[in-house]
Amino acid sequence: MKRRRKEKMHKRINVIFCALVYTFLFLPISVIVVNSMNATTSKPYLAWKGFTLDWYVKLWDNTALLEAFGNTMIIAIVSTILATIIGTLGAVGMYKYKFKGKGIIDGLLYIPVVIPEIVLGISLLTIFARVDIPRGMLTLILAHVTFCVPYVIFNVRARLAGYDSSIEEASLDLGANRIVTFFEITLPVLAPGISGGALLAFTLSIDDVIISYFVNGQTMTYPLKVMESIKSGVAPDVNALSTIILIGTILFVILTQGNLFKKAK
Amino acid sequence: MRKKHSKHEWKSNTLPSIVMVGPVTLLLLFLVVAPLIFVAVMSFCRTDQYYNVVYQFSVENYIKLFNADYVKIYGQSIIIALLTTIICILVGYPFAYIIARTKSKRKQLLYMLVIIPFWTNSLIRIYGWRSLLGTNGWINTVLQFLHLTDGPLDLLYKQGTTVLGMVYCLIPFMILPLYTAIEKLDGSLLEASSDLGAKPVSTFLEVILPLTSSGIFSGSIMVFIPCLGYFFVSNILGGGNSDVIGNLIERQFKSGNNWPLGAALSIILIIVTLILVKIYQKMGGDMESLGV
């Protein structure tokens, strides 16, 4: 009897503790959502002046913000595609073939992952400046591909760990050439790892502040626009766009992994 | 015969291996190795009076690194990173434990709820903390409404505020590896331990903790190192009172315009990273678990 009561109390403490952690994680997000519906028009846009949805309409007149968001999407899509192709090929190649310097490549992959982002950012900036590549869209994409590729490789590699290469041999024995085998046999098996890596690359790219901050030149991205607006106070339309993005991502997750909200496997 | 076979194999594998591994090799060489070497070279250069980089050997930047103001910030960065790491372990461990071992059907949802906040831009969330903690922010309003304090508390622009922001940004990197490590725990081991009469405390210290320590190590690396560089957190929440090494580097590359000095400061971060990763490997840490 006593033991059961003790267990119940334990459980209650656990629930309260988890609720507190989730509150901590979601509190700033609720600030964003609430401030996106604040009728205030004076900087720093913090005093509550009543409820309005105007910002969700006015947002579409803020061309600078929309352009920055468009750039972010272009950079994220292009660098995700490039990183996924380079990463998938690399992971499969390193898994299948033995060659000199493989260990070195493997070690180098961890550099973008563990090194502080600011070091990667300034090192790319110095080299771009040295070889005179104009800073902008191109350098942003190159930088994003650089920090995304290792994550794609790790994801694909995790999938390769349980990969049975005899099915590839079977395909070759049956007369398919290497390229057909790669697309028809290898890729479908690795698909979950590839899509996991691509999703991670996309989210990393969209949210990147530090590295973009050094290599952007005059090109603005959405996070950099937020950084700029922080000095004078983040305007409600920026909050409105962030709210839309948040709802968009949650919907995306529900649609793609709907079973998540039903039951655990 | 055998030799011939292997030669044939080598030839037929060269082209596909170049096609597959070539792009990633070029990427790493030109966009990771070359830039880092160039930073090292630049750290030994100096600037002329117009802030242009002069490629002439000098150790002047490395002497400047010992400037008392800088040394103070190195110490401050390490304290901030250490506090952040400790808080992330103390909060993240029990939290990861509870959600990893829950029997609830909504376990997967609980896990996703840790990740979802991080799909909102990190700057705007940190700014959210600034408005929460301000004198007219929600937290002060609630505290005064409940008559817990008379006037608004001064919560912003302290070292503690920066630590809070760092914890907020980095805690998922602690929770996720811990979750993976704890989920792998074999429940029967814990039962065996308690059946054999071990108290919960000793089961934890002698069974659970050693089996999940890999998660703590990799989480700590993924929290401590970025902390030293996250200049935007201290910019937004610290108000110049709790700079980290990242702030020093950012200033040299933006407003200060002394790239060689910024490069020398970056070398400090590279060396700290190398040392910590070496220690991590010495303790049996697996590089692979730093990736995801």
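Which domains does the domain assignment of chain A give? The assignment gives domain 1 (1-34) and domain 2 (54-261), the bounds coming from an automatic or database domain assignment. The centres of domain 1 of chain A and domain 2 of chain A, taken over C-alpha atoms, are separated by 34 Å.

This is a predicted model, in which local features need pLDDT of at least 70 and side-chain atom pairs count only at pLDDT 80 or more, while totals for chains, interfaces and linings use all residues. Residues are numbered from 1 along each chain as its sequence is written, and chains are lettered from A and ligands numbered from 1 in the order in which they are written.

**View 1. The contact between chain B and chain A.** In this view, 72 residues of chain B are in contact with 71 residues of chain A, two residues being in contact if their C-beta atoms, placed from the backbone, lie within 7 Å. On the side of chain B that touches chain A, helix H1 (residues 2-42) of chain B gives the most, with 19 residues; helices (H or I, at least four residues) and strands (E, at least two) are DSSP runs, numbered from the N terminus. That side of chain B divides into 50 nonpolar, 17 polar and 5 charged residues, where Ala, Val, Leu, Ile, Met, Phe, Trp, Tyr, Cys and Pro count as nonpolar, Asp, Glu, Lys and Arg as charged, and the others, Gly among them, as polar.

**View 2. Helix H6 of chain A against helix H11 of chain B.** Helix H6 (residues 117-130) of chain A packs with helix H11 (residues 245-253) of chain B at an angle of about 20°, their axes 11 Å apart. H6(A) is therefore roughly parallel to H11(B), a term for angles under 35 degrees; axes are lines fitted to C-alpha atoms, for helices over the stretch in contact, and angles run from 0 to 180 degrees between N-to-C directions. From H6(A), Ile118(A), Ile122(A) and Leu125(A) meet Gly246(B), Ile249(B), Glu250(B) and Phe253(B) in H11(B), and by class this contact has 5 nonpolar, 1 polar and 1 charged residues.

View 3. Tyr127(B), which lies in helix H5 (residues 122-133) of chain B, is buried, with 27 other C-beta atoms within 10 Å. A residue is buried if 20 or more other C-beta atoms lie within 10 Å of its own, exposed if 12 or fewer, and partly exposed in between, with C-beta atoms placed from the backbone. Not counting residues up to four places away in sequence, Tyr127(B) touches Ile230(A), Val234(A) and Ile236(B).

**View 4. Helix H8 of chain B beside helix H9.** Helix H8 (residues 187-195) of chain B is hardly covered, the count of buried residues among its 9 residues being 0. The axes of H8(B) and helix H9 (residues 200-229) of chain B come within 10 Å and cross at roughly 145°. The contact is made by Leu189(B), Leu190(B), Ser193(B) and Ser194(B) of H8(B) with Thr203(B), Val207(B) and Ile208(B) of H9(B). Just after H8(B), Gly197(B) takes a positive phi of about 95°.

**View 5. Two tyrosines of chain B with positive phi.** Tyr51(B), found in the loop between strand S1 (46-47) and strand S2 (53-54) of chain B, has a positive phi near 65° and is exposed, with 10 other C-beta atoms within 10 Å. Tyr157(B), in the loop between helix H6 (138-145) and helix H7 (159-183) of chain B, has a positive phi of about 55° and is partly exposed, with 18 other C-beta atoms within 10 Å.

Terms used: Angles under 35 degrees count as roughly parallel, over 145 as roughly antiparallel, 65 to 115 as roughly perpendicular and the rest as oblique.
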